[in-house]
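Me: I have a model open and want to learn how to read it. Can we take the features one by one?

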Amino acid sequence: MSDMDILLKARDALKIAKHEPGRIRLKFGLDILDKAPELKEKEGRAKLRAIDGIEGIEINPIAFSLVVTYDADLIAPETWEALIEGSEDEAAAAVAMVVAIQG
């Protein structure tokens with residue numbers, strides 16, 4: 001299991017609110033912690049931050065949003081679209097692409 005799988009598990013609770021290369025704002029539902037309880041813990045969020053290409057993660061629980069800043073040269077913007085809004089196969093392929101960057 002890769003660190004990116006945290007977002008793969010949570011994708012049903014996420015919706016892209018705004019996306020420009022290098023920065024994506026995701027809105028989330030109340031059920032996100034049921035789907036990916038790792039996001040509640042600092043360790044889980046730190047795992048996401050440690051992924052090559054991810055530069056920062058900001059969670060705003062009041063606005064139910066998660067902002068990810070990333071290096072668009074390492075993680076293509078289309079990867080996020082596939083991960084959040086694509087089919088299960090597209091999402092799995094997106095995670096595999098990011099995992100390949102890691103190693």
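Me: Leaving aside its neighbours within four places in sequence, which residues is valine 68 in contact with?
Reply: Keep in mind that this is a predicted model. Valine 68 is in contact with Gly22, Arg23, Ile24, Ile54, Gly56, Ile57 and Trp80, once its neighbours within four places are set aside. Valine 68 sits in strand S4.

Me: Let me step back to the whole fold. How many helices and strands are there in the chain?
Reply: The chain has five helices and four strands. In sequence order the pattern is α-β-β-α-α-β-β-α-α. The radius of gyration is 12 Å, close to the 13 Å that the globule rule gives for 103 residues, so the chain is as compact as a globular protein of that length.

Me: What does the C-alpha trace span along its principal axes?
Reply: The span is about 30 × 25 × 25 Å.

Me: What share of the contacts in the chain with a separation of 6 or more comes from residues 24 or more positions apart?
Reply: That share is 54%.

Me: What about the surface and the charges?
Reply: Take area first, then charge. The accessible surface comes to about 5,800 Å², and 51% of it belongs to carbon and sulfur atoms. There are 13 positive and 20 negative side chains. The centres of these two sets lie 8 Å apart.

Me: Which residues of H4 are buried?
Reply: Read a helix by its buried residues, then ask what they pack against. In H4 the buried residues are Pro77, Thr79, Trp80, Ala82, Leu83 and Ile84. They pack against H1, S1, S2, S3, S4 and H5.

Me: Pick one of those. What is threonine 79 in contact with beyond its neighbours within four places?
Reply: Threonine 79 is in contact with Ala94, Met97 and Val98. Threonine 79 belongs to helix H4, residues 77-85. Its relative accessibility is 6%, so it counts as buried.

Me: Now serine 65. Is serine 65 buried or exposed?
Reply: Serine 65 is buried, with a relative accessible area of 2%. Its place is in strand S4. Beyond residues up to four places away, serine 65 touches Arg25, Leu26, Lys27, Phe28, Glu58, Ile59 and Asn60.

Me: How should I read backbone angles?
Reply: Most residues other than glycine have a negative phi. Phenylalanine 64 is not a glycine, yet its phi is positive, about 50°. Phenylalanine 64 lies in the loop between S3 and S4. Its relative accessible area is 33%, so it is partly exposed.

Me: Where does alanine 46 lie?
Reply: Alanine 46 lies in helix H3, residues 42-49. It is partly exposed, at 38% relative accessible area. Alanine 46 and isoleucine 16 are 30 residues apart along the chain, with their C-alpha atoms separated by 21 Å.

Me: One last case. Is aspartate 89 buried or exposed?
Reply: Aspartate 89 counts as exposed, at 65% relative accessibility. Its place is in helix H5. Aspartate 89 and lysine 40 are 49 residues apart in sequence and 26 Å apart in space, C-alpha to C-alpha.

How values were computed:
Residues numbered from 1 in each chain as written. Predicted model: local features only at pLDDT ≥ 70, side-chain atom pairs only at ≥ 80, totals over all residues. Heavy atoms only, no water. Helix = DSSP H or I, 4+ residues; strand = E, 2+ residues; numbered from the N terminus. Rg over C-alpha atoms; globule rule 2.2 N^0.38 Å. Contact = heavy atoms within 4.5 Å. Areas by Shrake-Rupley, 256 points an atom, 1.4 Å probe, with all protein chains shown as cover. Lys, Arg positive; Asp, Glu negative; His and termini not counted. Charge placed at Lys NZ, Arg CZ, Asp CG, Glu CD. Buried < 20%, exposed > 50% of the residue type's maximum accessible area, 1.4 Å probe, protein only.
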